[in-house]
Amino acid sequence: MKAIDLRGDWQLTRVATGETMPAVVPGDTHSALLTAGRIPDPYGGTNELDVQWVGREDWSWEKSFTVESDFLREAQVFLSCDSLDTVAEVFVNGRKAGSSDNMFTRCRFDVKKLLVPGKNTVRIAFTSAENTAVSRASRLPYPVPHVLNPVQSPNRNLVRKAQCHAGWDWGPCLMVSGITGEIILGAFSDVRIDYVMTEQTHAEGRCTVRVIVEYTAAEAGRFPLNVTVGEHAASRVVTLDRGPGSASIDVAIHDPKLWWPNGCGGQPLYPLSVTLGGDSVSRKIGLRTLQLVNREDSQGLSMTFRVNGVDIFCKGANWIPLDALPQRETKDRLEHLLGSAAAVSMNMIRVWGGGKYESDDFYCLCDEKGLLVWQDMMFSCALYPASPEFLSSVEAEIRHQVKRLRDHPCIALWCGNNEDVGALTWFPESKQNRDRYIVDYDRLNEGTIGRVVDECDPTRAFWPSSPSAGRGDYSDNWHDDRRGDMHFWSVWHEGKPFSAFRGVSPRFCSEFGYQSFPSLEAIRTYAAEEDFNVTSPVMEHHQRHPRGNSIITEMFTRYFRFPQGFENFVYLSQVQQALAIRTAVEHWRRVRPVCMGTLYWQLNDNWPVCSWSSIDYTGAWKLLHYAARRFFAPLLLSGEVVGGRFEVWITNDLLEDRRLGAVITVLDFDGSVIRQEAKDVRARAASAALVEGWPLAELVPAPQKAFIHLALDGDSGPGGEIFLTEPKRCRLARANVTLECSQTGSGFAITLSTDKPAFFVSLFAGAIPGEFSDNCFTLLPGSPLTVSFQPRKAVSLETLRRSLSVKHLRDSY
Ligand code: BMA
């Protein structure tokens, strides 16, 4: 097949005024306007409010290109667009080639008769998605509501566009339009490959890979089909009829090297190459089996992912789109975020349903890093229409996305939507007339999405919604920890104490979260120093949860002495978030195998904002992400007070038994050891067990007078301190923490010492992007600790020394 790449420089026209400016593809309107100096950066201050007009206007994208006459002599010539966002009409040399109103479908238009040899022009005219949604709403037979956020574009559920473009409780409302992914002109006279899909059959020492090729043939004929998987090859001649069809071929692989999730084994990938006639496709595949085990048991319904026959405890976070301005998305940023996930022992990412089906790069990186993907379909926190036009658009979308993505070994399951079963109970309309809306829900979710998934990918489970108790169950599963997956939001949204995390034992917790402020460096990108106050309009604008700052502040008053000044407020918010999520994860890892997964909300931010993320928009790890390195570590020693007893637990996610030394030290706040126990711990493979319990009164004189420190051989760092009451009740000593810094190749070593116990000791590198090997730890007198710092760009020792600062709990008030 011949192809002409149409990415690169385009011209953008504001239809209302005829103004033009340069634009790039892949790209979006707002980014082009920003580059042309026509709008301020939407992420700065409250600028977002001043650019709302952009989404309410029509925009036209245009490009000229040359086509040789040879190209036009091919039997079929087509224009292929991976993603047009959203309501678009496509013209070639002024004549209409087709239209699209779903950014999640690939569109292909026959343009042979529209092109001429020499210079040609393609124009894509985008009608405002917001105006389209509003006009569709006015024609609905009955309302179809969605959740409203502080800055919101209306009726977002009526257009097939990333739902969070319309504003979310962590994201700006930027109704971008534009062109992303590939856009090419293709030409062929024999055959074009439309999709390549594989199916694996595993037997002892052998895996048969069936390669299925979906094609379009320009003419009937006989063509060679050649396939290689690694060093294994197969070929045959296939007879094709004119038009669309499919052919398959088997390749046998002896002694297959299996793909495993991160932490359970390697991620060998086999290069797959397929040639049919004059077209070819290459990619990498991984060989593995995967099942979702939903078994009725004494607790309810299990939710366990089994890979290569092994039950995997899933650890990870929820993913939202990388950037609210799609043009700012880069592979480097994906690599950093997904690499950061894998670096803290995550093995699963949930691509959440209010965003988008991610780029090929995203899934390839997940394949390489062993990150399983829980893939939602793109429907979230809303009711949706079930008109024939809507359902047929969704059908095309799901068919395309499942066929595009199903060969990635990382993909673990297809899920119908985010929280749409719950949404049936959120709106007055659906409360009054649940029947009508549940019928519509079912037409969309089972009648369309589930049916198409079953048809296009028989190898994976379709999970109807997150949260849900499984197919055929339409109960709201938010608060039910017995069946399927759960979203546990009672701490954040309902104001319960952190201990409430220990009151539930979800089978799989696919969402739970706690907010914090981003790094000071991220704040500096949107607020001037004079606005460094949590109730300044700019800071409130970059907090999208209506009660967010109040919830954070109120929670401080329950656990901590109130922080002094803005910087300490930001620091303590991150400590608090880390503590909240650590409480949940440690408990849920103790109750494996009842619970077999925890995915916190959320990994990343799509603009600089106060949110539930563990990595902020600048890529900086919040203290939660450092804490995750400890609470997700394969071997975890954790403790809790249950009914007046202090219990120590060992959790082992490794697939082998381990013998370990554990040291449990009780200290007072001056650092004197009250009691120390050394234990020989037998950690059985893939299990959690109680090590020992003591009456608390036997261990400590009074809960506010001591803390307990847990350490395990080979620990990633000393983070296992346990307060036995709220830290605000304890008289912490004024520790004097000192730092020494030296260069070690491209990185640095920082040694910290203290004269008194110091808690949540946290290093900050100011404007120097990079990660510490550990952070937010306990520092004990007489036990200096050395951590490393790896900057993402080269810096001198002097520059680092000047930027480096340290905070700890006693310092914050
Ligand atoms: C959830 C998500 C998101 C939301 C988050 C925080 O339940 O599905 O819709 O951003 O909570 O409120």
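Modeller: Ala, Val, Leu, Ile, Met, Phe, Trp, Tyr, Cys and Pro count as nonpolar, Asp, Glu, Lys and Arg as charged, and the others, Gly among them, as polar. The model discussed here is predicted.

Biologist: How do the residues of the lining of the largest pocket divide into nonpolar, polar and charged?

Modeller: The largest pocket holds about 1,600 Å³ of space, and 50 residues line it. Asp82, Gly181, Glu182, Asp360 and Arg404 lie nearest its centre. Sorted by the classes above, the lining has 17 nonpolar, twelve polar and 21 charged residues.

Biologist: Which element gives the most to the lining of the largest pocket?

Modeller: Several elements give two or more residues to this lining, including strand E6 (76–85), strand E12 (191–203) and helix H7 (388–405). Strand E18 (279–285) is also on that list. With seven residues, the most is given by E18.

Biologist: Which element provides the largest share of the lining of the largest cavity?

Modeller: This cavity is lined by 21 residues, and His165, Val176, Asp323, Ala324 and Pro326 lie nearest its centre. The elements that give two or more residues to the lining are strand E4 (27–28) and strand E11 (178–188). The largest share is three residues, and it comes from E11.

Biologist: Which residue in E10 is the bridge partner of Ser60?

Modeller: Strand E5 (residues 59–67) pairs in the antiparallel sense with strand E2 (residues 8–14) over four bridges, and in that pairing Leu12 stands opposite Trp61. E5 also pairs in the antiparallel sense with strand E10 (residues 118–127), over nine bridges. In E10, Ser60 has as its bridge partner Ala125.

Biologist: What distance separates the C-alpha atoms of Ala3 and Val77?

Modeller: Ala3 lies in strand E1 (residues 2–5). Leaving aside residues up to four places away in sequence, Ala3 touches Phe71, Ile184, Leu185 and Gly186. Val77 is 74 residues from Ala3 along the chain, and the separation of their C-alpha atoms is 9.5 Å.

Technical notes:
Residues numbered from 1 in each chain as written. Predicted model: local features only at pLDDT ≥ 70, side-chain atom pairs only at ≥ 80, totals over all residues. Heavy atoms only, no water. 1 Å grid on protein atoms, 1.4 Å probe; cavity = no way out; pocket = protein on both sides within 12 Å on 5 of 7 lines; lining within 4 Å. Pairing = 2+ DSSP bridges. Contact = heavy atoms within 4.5 Å. Points joined across faces, edges and corners; volume = space filled by probe spheres on them.
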